[in-house]
Structure formats: structure tokens, C-alpha cells
2 protein chains.
Amino acid sequence: MKRLLSATFVTLLGAAVCVPAMAQFAKPEDAIKYRQSAFSVMGTHFGRLGAMANGKVPFDAKAAADNAAIVEAMSKLPHAAFIDGSDKGGNTKALPLIWTEKTKFIASGDKLMAEATKLAAVTKAPGLTLDQLKAAFGNTAGTCKACHDAYKEK
Amino acid sequence: MKRLLSATFVTLLGAAVCVPAMAQFAKPEDAIKYRQSAFSVMGTHFGRLGAMANGKVPFDAKAAADNAAIVEAMSKLPHAAFIDGSDKGGNTKALPLIWTEKTKFIASGDKLMAEATKLAAVTKAPGLTLDQLKAAFGNTAGTCKACHDAYKEK
């Protein structure tokens with residue numbers, strides 16, 4: 001009886017854990033659209049930081065902090081959308097390797113989030129300098145590149 | 001001389017105000033993609049709140065707060081992307097009325113932001129009830145609908 005209850009509990013726990021994940025996206029296409037949208041918004045604001053870091057637009061600490069805050073917020077979203085089955089459907093460039101080495105891929109996403117969080121903290125601190133922005137931008141850009149090189153179709 | 005300086009100042013001020021706006025998006029298509037991406041992410045999380053408000057998924061205060069925080073963050077983004085010239089290009093459903101009654105359109109976006117901010121505040125307050133979620137969700141949904149009815153192609 002105890003074993004039966006345990007088994008039931010495990011099944012229920014499994015259901016409780018799985019249901020929200022399954023319920024997040026009705027179809028793989030929805031997950032693909034969601035993560036592409038999040039990356040697109042992130043890329044827009046990250047691009048503006050890059051233009052500033054590279055001297056293409058004037059340095060503006062307030063704009064840097066505003067853009068970095070959005071990059072940080074967006075960096076937390078896409079990972080939940082790399083659900084099983086979403087390696088196909090839509091026009092995804094996500095490589096199958098994402099699902100075959102999921103732990104490494106997740107670690108890669110964690111690095112992005114960590115660097116984006118640092119970038120947001122650095123840019124909102126009083127007295128931000130262009131050099132500080134460049135360094136934090138470069139570190140974050142490195143995590144984008146590493147992940148794209150490994151997991152995104154060219 | 002004073003008049004000349006003033007004129008120069010006004011021109012410079014105009015440039016200072018316009019340059020960032022112009023620099024935000026290189027092409028109308030970029031602005032369209034950006035706002036559609038932001039709306040898409042917002043819609044995903046707003047849809048999850050709706051499913052909860054309508055009893056399709058179990059009430060979960062933490063999930064409600066998490067989703068509402070993202071809705072609030074995203075609600076602040078699209079308005080900057082309704083730039084002049086972006087009534088065409090891409091596959092936008094934005095109606096020309098947006099640009100002919102810009103003040104009303106902006107007020108409409110302000111309402112969304114205000115309700116999304118309230119929704120986020122309500123859902124993160126301790127002891128959130130389903131009725132509170134329903135009310136705040138309904139108020140926010142009303143601002144979506146009003147704006148879509150007026151400014152989005154059917």
C-alpha cells in the first residue's frame with residue numbers, strides 16, 4: 001500500500017511538474033515564435049548598446065541603463081521555449097544539438113543571463129564610464145556568440 | 001545675434017530630440033518586427049494570465065505575478081516603434097489612423113501601460129485572490145481590445 005501510494009505520489013508529482021511545462025505552449029510553432037520574438041527584442045536593445053560601446057552613437061549612461069535593463073529582462077525568457085519537439089516547425093535555426101546536449105545548452109543560457117544581469121547592474125550604477133560599458137557589453141556579447149556558434153544554424 | 005543663437009539652439013535641440021528617435025530603427029520593417037515581437041511576448045504571458053483568470057489552468061499566485069511582471073515590462077516597449085513611415089512594410093496590421101490621430105493612439109497605449117502596471121502590482125501583493133486577478137486581468141484586457149478595435153486591421 002505504501003509503495004502504491006508512493007507510486008501514485010510520484011505520478012502526481014510528475015503530472016504537476018509536467019502540466020505547466022506542457023501548458024506553456026500549445027504547439028512547437030508557438031514556442032519557436034515566442035523565443036524568436038524574445039531574442040528579437042533583446043537583439044534590438046543589445047544592438048543599441050553595441051552602437052554606443054563601439055562609438056557609433058554618443059555615450060549616454062541613461063540610455064545604456066535603459067537598454068541593458070530590457071536586455072536583462074529578455075535574457076530570462078527564451079530558455080523556457082526550447083521545449084521538446086520545437087527543433088522543427090516554424091523557421092527555426094535552432095540546431096538539434098540543443099536537445100542532445102541539453103545540460104550544456106542550459107549552462108550556455110545561464111551564462112547569458114549572468115552576464116546580462118551584470119551588464120544591467122554595471123550600467124545603472126552611478127558614474128558609468130564608456131570603458132565599463134564596453135567591458136560589460138563585450139562579456140555579454142561573448143555569451144551570445146558562443147551560443148550562436150554552437151547551437152544556431154549559420 | 002541673440003535670435004540667431006536661439007534659432008541655432010532650437011535646431012540643435014530638434015536634432016538632439018530627433019536623432020535618438022531616428023537612430024532607434026534603421027528601417028520601418030525593423031520597427032514593425034520589433035513591436036510585433038514585443039506584442040507577441042506580451043500576448044503569450046497575458047494569455048497565460050487569461051487561462052488562469054478563466055479557470056482553464058489552476059490558480060497560482062506566483063505564476064500570476066511572474067507573468068504579470070513580464071506583461072508590464074513588455075507593455076512599455078511597442079509604443080516607441082510606431083515611428084513615422086512604419087504604417088507600411090513588413091506585414092503590419094497597424095491602421096493608418098494611428099498616425100492621423102497620434103495623440104489619441106498614444107493615450108491608448110498609456111492606458112495599457114497603466115493597467116499592466118496595476119496588474120503587476122496586484123498580482124505580486126501577498127494574498128492574491130482569483131477574484132483580484134480576474135478584475136485586474138479584465139481591466140488590462142479591456143485596454144488591449146479598445147486599441148485593437150480602433151487601430152488594428154481585422
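The area buried between chain A and chain B is about 1,200 Å², with carbon and sulfur atoms contributing 63% of that value; buried area denotes the accessible area (1.4 Å probe) that two parts lose on being put together, summed over both. A:Tyr34, A:Val41 and A:Arg48 supply 37% of the area that chain A buries against chain B, more than any other three residues. The structure is a predicted model, in which local features need pLDDT of at least 70 and side-chain atom pairs count only at pLDDT 80 or more, whereas totals for chains, interfaces and linings use all residues. Residues are numbered from 1 along each chain as its sequence is written, chains are lettered from A in the order in which they are written, and side-chain values use heavy atoms, with hydrogens and water left out.

In terms of contacts (heavy atoms within 4.5 Å), 14 residues of chain A meet 14 residues of chain B. Between the two chains there are zero salt bridges, a salt bridge being a side-chain nitrogen of Lys or Arg within 4 Å of a carboxyl oxygen of Asp or Glu. Six residue pairs, both members at pLDDT 80 or more, are in polar contact between chain A and chain B. A polar contact is a pair of N or O atoms within 3.5 Å; within protein, one must be able to donate a hydrogen and the other to accept it, and residues adjacent in sequence count only if both atoms are side-chain atoms. On the side of chain A that touches chain B, α2 (28–53) and α3 (61–75) of chain A each supply at least two residues. The most is given by α2(A), with nine residues.

Helices (H or I, at least four residues) and strands (E, at least two) are DSSP runs, numbered from the N terminus. Chain A contains six helices and zero strands, and its order along the sequence reads α-α-α-α-α-α. The 26 residues of α2(A) should span 38 Å at 1.5 Å a residue, and the 36 Å between its end C-alpha atoms agrees with this; the expected span is 1.5 Å times one less than the number of residues. Just after α2(A), A:Gly55 adopts a positive phi of about 75°. This glycine, A:Gly55, lies in the loop between α2 and α3 of chain A and counts as exposed, at 59% relative accessibility. The accessibility classes are buried (under 20% relative accessible area), exposed (over 50%) and partly exposed (in between), computed with a 1.4 Å probe on protein chains only. Of the 154 residues of chain A, 36% count as buried. Residues 24 or more positions apart account for 74% of the contacts in chain A with a separation of 6 or more.

Over all chains, the count of salt bridges comes to 14. In helix α6 (residues 130–151) of chain A, A:Lys145 and A:Asp149 are four residues apart and therefore separated by about one helical turn; their side chains meet in a salt bridge at 2.5 Å, N to O. A:Lys145 is exposed at 52% relative accessibility, while A:Asp149 is partly exposed at 42%. A:Asp87 and A:Lys88 also form a salt bridge, with the closest N and O atoms 3.6 Å apart. Here A:Asp87 is partly exposed at 28% and A:Lys88 is exposed at 60%. In chain B, B:Lys88 pairs with B:Asp87 in a salt bridge, the closest N and O atoms being 3.6 Å apart.
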